[in-house]
Amino acid sequence: MSDSETPSARLLDIFQANNLSFDSAEAAWARAEHLFPLLGWVVAHFPSPLAFQTCAEWLGLCAAHLQDARPAAELFAQARSTVHLRQAHIVAGGLGDLRNQWILEKKPAAAAFADSASDLAETWAAITTGEADGETEAWARAKAATRAMVTAWVVHQGLDSEDPAQRRQAQVALVGLLRDARAKSGLKET
């Protein structure tokens, strides 16, 4: 995204590139069923506290539906704390540790959830500390977070995480939760 391109312009460009046309970002938010560009729009608003709050709320709503995911959502919410100068980096590392622990404990849905939260925390950490680079680019990390969360949702239900129909249904459910989180936080285009 160029410095002059707004998150809403990028959102609409992504949809247009995929033959989905919306008149405005708000129309996309109202009707789209694709999680990635919408989550990308939120993450592209970092370092806005409302963008962070939207992500934290969304993770909390998702965790309510996924066994063992609550600790990762709660840890993500601590990334905005000012307890330590590099608190967000500490949280991102902790989410990686949690993901690894859950892999070893054979909890794939919780591990994928922690992976998604980690992508978001790493992006927040990089942007808020002025250390953003190609690996922490907001749209790319939001896309990775989307893939991981969709996987968590499908695996939790005991379904094939590679099945396109199951992934599509998961996206629709997750978009609904993201809309709820955005509405609660009040995040709007600035």
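**Figure 1. Surroundings of Trp 58 in the predicted model.** Beyond its neighbours within four places in sequence, Trp 58 is in contact with Leu 35, Leu 39, Ser 116, Leu 120, Met 149, Leu 174, Leu 177, Leu 178 and Ala 181. Trp 58 belongs to the largest nonpolar core, which has 65 residues; together with Phe 76 and Phe 113, Trp 58 touches the most other members. Helix H7 (residues 108–128) supplies the largest share of this core, ten residues.

**Figure 2. Helix H9, residues 164–185.** The 22 residues of H9 span 31 Å from the first C-alpha to the last, close to the expected 32 Å. Among the buried residues of H9 are Arg 167, Leu 174, Leu 178 and Arg 182. Their cover includes helices H2 (25–31), H3 (35–43), H4 (49–63) and H8 (138–156). At the start of H9, a side-chain oxygen of Asp 163 comes within 2.8 Å of the backbone nitrogen of Ala 165. Just after H9, Gly 186 adopts a positive phi of about 80 degrees.

**Figure 3. Salt bridge between Glu 57 and Lys 184.** The N to O distance between these side chains is 3.5 Å. Glu 57 lies in helix H4 and Lys 184 in helix H9, 127 residues apart. Glu 57 is partly exposed, at 22% relative accessibility, whereas Lys 184 is exposed, at 59%.

**Figure 4. Salt bridge between Asp 119 and Arg 141.** The side chains meet at 2.8 Å, N to O. Because Asp 119 lies in helix H7 and Arg 141 in helix H8, the pair ties together parts 22 residues apart in sequence. Asp 119 counts as buried, with 8% relative accessibility, as does Arg 141, with 13%.

Technical notes. Residues are numbered from 1 along each chain as its sequence is written. This is a predicted model: local features need pLDDT of at least 70, side-chain atom pairs count only at pLDDT 80 or more; totals for chains, interfaces and linings use all residues. Side-chain values use heavy atoms; hydrogens and water are left out. A nonpolar core is a set of buried Ala, Val, Leu, Ile, Met, Phe, Trp, Tyr and Cys residues joined through side-chain atoms within 4.5 Å. Buried means under 20% relative accessible area, exposed over 50%, partly exposed in between (1.4 Å probe, protein chains only). Helices (H or I, at least four residues) and strands (E, at least two) are DSSP runs, numbered from the N terminus. Contact means heavy atoms within 4.5 Å. The expected span of a helix is 1.5 Å times one less than its number of residues. A polar contact is a pair of N or O atoms within 3.5 Å; within protein, one must be able to donate a hydrogen and the other to accept it, and residues adjacent in sequence count only if both atoms are side-chain atoms. A salt bridge is a side-chain nitrogen of Lys or Arg within 4 Å of a carboxyl oxygen of Asp or Glu.
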